[in-house]
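Biologist: I'm new to this one and would like a tour. Could you show me how to read it, feature by feature?

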Amino acid sequence: TALDCSIANSTPESYFNRDLQKERIPLSEPRQALINLPAVSVNDSKGVRAFLTVKVEEGSGNILINLKNVLSGPQTQESARAAAEVAAEYTNIDTSELDITFNLVAYASILQGPSAGAAMTIASIAALENKPLRQDVMMTGMINHDGTIGPASEIRAKAQAAKEAGASIFLVPIGSSIQYEEVEHCGRSEE
């Protein structure tokens with residue numbers, strides 16, 4: 001079964017202005033979710049496949065990032081923080097006694113930018129709610145602190161990576177699906 005992605009159809013007000021007490025979920029064992037990501041290698045601007053595992057376990061409210069073989073910039077770290085916060089708000093789960101760890105592995109040495117934020121959020125929600133994710137769906141887009149999904153760049157390279165990874169669905173934020181390419185054409189005019 002797939003995670004209900006109703007976050008995409010709701011407004012920030014519908015889940016951020018809750019007057020509810022946050023639910024505490026005691027975990028006897030860690031929960032985790034795996035999501036495939038399209039990314040772009042900074043070295044050669046090619047689309048690559050990345051894997052993100054989000055693990056939720058008893059702790060003290062830490063948001064941790066394990067980048068294994070990848071160098072990453074501060075935007076990726078901020079995306080992880082925003083993803084954890086939005087997921088906690090969306091699920092109405094108190095994460096003050098849970099640690100959320102993002103493990104990112106990619107076929108690239110350097111990745112940067114905020115465009116994994118939406119996928120980080122969906123994987124965090126899945127881990128918190130202990131639900132599986134479809135592995136044939138890939139997405140790109142940044143996550144905003146109000147829960148909305150923002151634009152992403154390098155769509156063509158990411159789409160190629162998604163296709164090569166066997167994704168049957170590639171989700172792109174509104175306004176990010178169009179890319180313009182300037183092409184010079186020289187020719188002889190017939191007069």
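Modeller: Happy to. Start by counting elements: the protein chain has 4 helices and 10 strands. Bear in mind that this is a predicted model.

Biologist: In what order do the elements of the protein chain run from the N terminus on?

Modeller: Read them off as α-β-β-β-β-α-β-β-α-β-β-β-α-β.

Biologist: How much of the chain is buried?

Modeller: Of the 191 residues in the protein chain, 41% are buried. Among contacts with a separation of 6 or more, 78% are between residues 24 or more positions apart.

Biologist: Let's zoom in on one residue. Is aspartate 99 buried or exposed?

Modeller: The cut-off for buried is under 20% relative accessible area. Aspartate 99 comes out at 12%, so it counts as buried. You'll find this aspartate in strand E5, which covers residues 98-106.

Biologist: Which residues is aspartate 99 in contact with, leaving aside its neighbours within four places in sequence?

Modeller: They are Lys55, Val56, Glu57, Glu58, Gly59, Ser60, Gly61 and Asn62. Two of those deserve a second look. The side chain of aspartate 99 has a polar atom 2.9 Å from the backbone nitrogen of serine 60, and this side chain also reaches the backbone nitrogen of asparagine 62, at 2.9 Å. For isoleucine 63, compare sequence with space: 36 residues separate it from aspartate 99 in sequence, yet their C-alpha atoms are 6.0 Å apart.

Biologist: Now the helices. At what angle do H2 and H3 pack?

Modeller: Helix H2 (residues 74-91) and helix H3 (residues 117-129) pack at about 40 degrees, and their axes are 8 Å apart. That angle is why H2 is called oblique to H3. Their crossing is right-handed. As for what lines the contact between H2 and H3, its residues divide into 9 nonpolar, 6 polar and 1 charged. Ala83 and Val86 are among those from H2, while H3 brings residues including Met120 and Leu128.

Biologist: And backbone angles? What should I look for?

Modeller: Most residues other than glycine have a negative phi. Asparagine 92 is not a glycine, but its phi is positive, about 65 degrees. Asparagine 92 sits in the loop between H2 and E5, and with 9% relative accessibility it counts as buried.

Biologist: What about the phi of glutamate 154?

Modeller: Glutamate 154 has a positive phi too, of about 55 degrees. Its place is the loop between strand E9 (149-150) and helix H4 (155-164). With a relative accessible area of 38%, glutamate 154 is partly exposed.

How values were computed: Residues are numbered from 1 along each chain as its sequence is written. This is a predicted model: local features need pLDDT of at least 70, side-chain atom pairs count only at pLDDT 80 or more; totals for chains, interfaces and linings use all residues. Side-chain values use heavy atoms; hydrogens and water are left out. Helices (H or I, at least four residues) and strands (E, at least two) are DSSP runs, numbered from the N terminus. Buried means under 20% relative accessible area, exposed over 50%, partly exposed in between (1.4 Å probe, protein chains only). Contact means heavy atoms within 4.5 Å. A polar contact is a pair of N or O atoms within 3.5 Å; within protein, one must be able to donate a hydrogen and the other to accept it, and residues adjacent in sequence count only if both atoms are side-chain atoms. Axes are lines fitted to C-alpha atoms, for helices over the stretch in contact, and angles run from 0 to 180 degrees between N-to-C directions. Angles under 35 degrees count as roughly parallel, over 145 as roughly antiparallel, 65 to 115 as roughly perpendicular and the rest as oblique. A crossing is left-handed if the near helix is turned anticlockwise from the far one by less than a right angle, and right-handed if clockwise. Ala, Val, Leu, Ile, Met, Phe, Trp, Tyr, Cys and Pro count as nonpolar, Asp, Glu, Lys and Arg as charged, and the others, Gly among them, as polar.
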